[in-house]
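Have a look first, then we'll talk.

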Amino acid sequence: MPGYLAALALALCPAMVVARLMMLRRGGTQALHFANIDKKDFLIPPFALIYFYVIFAGALGWPLVGAERFFTSDAVAWTGVVLCFGGLLLVLLSLVAFGTSFRVGIDVDQPDKLVTSGVFGISRNPIYVGFAFVLLGEFLVFPTWIPLVYLLVALWLFNRQVLREEAFMRQHYGRDYADYCSRVRRYL
C-alpha cells in the first residue's frame, strides 16, 4: 500500500502544477518560461520520465534494473508516504499563495508581484521544499540507488534554480526582496 500511495503522490505533483498553469493561461497569464534562460534545462524532462518509471515500476512490480533495496521497513515506508503527502500539501499551499505570480522558470518580461505571505512567510522557496519532501518520501518508500541518486541530483538542481531566481529577484524587486530575505529563510 505505501508504494501505491507514493506513486499517486508523485503523479499528483506535476498534475497540480499543470492545472495551475492552465488556470493562469485561461486568465491571460503566460506562466511557463521553462528553459528560457538556460537551454540545458531541456535535459530535465527525459530524466524525470525515467524517474516516474522507476517509482511506478516499484509500486506496480514492473521490470526494473537496480531494484535491490537498501532496507525494508514498513515504518520507514509509511514515514515516506507521510513525507510525500506533506510535500504535496506544501506544493498546493505554495501554488495557492503564489496567486497569479506563479511561474515555471524566470519570467523576465512580465514578473508579477513579490509574494511574501502564506507559506512564503515561513520559507522563501516552499514549493522546492515540498518537492524535496516528496522525493525524500519516495526514497523512503523505494529505498534503492536510483531514487537516492535522483534525490541528490534534484536537491542540487533545486538549489541551482533557487540561486538563479534569487539573483533575478534581487535585481527586480530590490530593497523589498532584501528585506524579505532578512526575515524569511531560504528553505526551512
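Q: What makes residues 77–98 count as helix?
A: Helices are DSSP runs (H or I, at least four residues), numbered from the N terminus. The span 77–98 is 100% helix and 0% strand, and its end C-alpha atoms lie 31 Å apart. This is a predicted model, where local features need pLDDT of at least 70, side-chain atom pairs count only at pLDDT 80 or more, and totals for chains, interfaces and linings use all residues. Residues are numbered from 1 along each chain as its sequence is written, and side-chain values use heavy atoms, leaving out hydrogens and water.

Q: How far apart are the end C-alpha atoms of residues 127–158?
A: They lie 10 Å apart, with the span 91% helix and 0% strand. T144 sits in the loop between α4 (126–141) and α5 (145–173).

Q: Why is T144 called buried?
A: Buried means under 20% relative accessible area, exposed over 50%, and partly exposed in between (1.4 Å probe, protein chains only). T144 has 7%, so buried it is.

Q: What does T144 touch?
A: Contact means heavy atoms within 4.5 Å. Not counting residues up to four places away in sequence, T144 touches G66, A67, E68, R69, F70 and F139.

Q: What makes α4 largely enclosed?
A: Of its 16 residues, 13 are buried, so α4 is largely enclosed by the rest of the structure.

Q: How do you know what span to expect for α5?
A: The expected span is 1.5 Å times one less than the number of residues. With 29 residues, α5 reaches 41 Å from its first C-alpha to its last, close to the expected 42 Å.

Definitions and conventions
Helix = DSSP H or I, 4+ residues; strand = E, 2+ residues; numbered from the N terminus.
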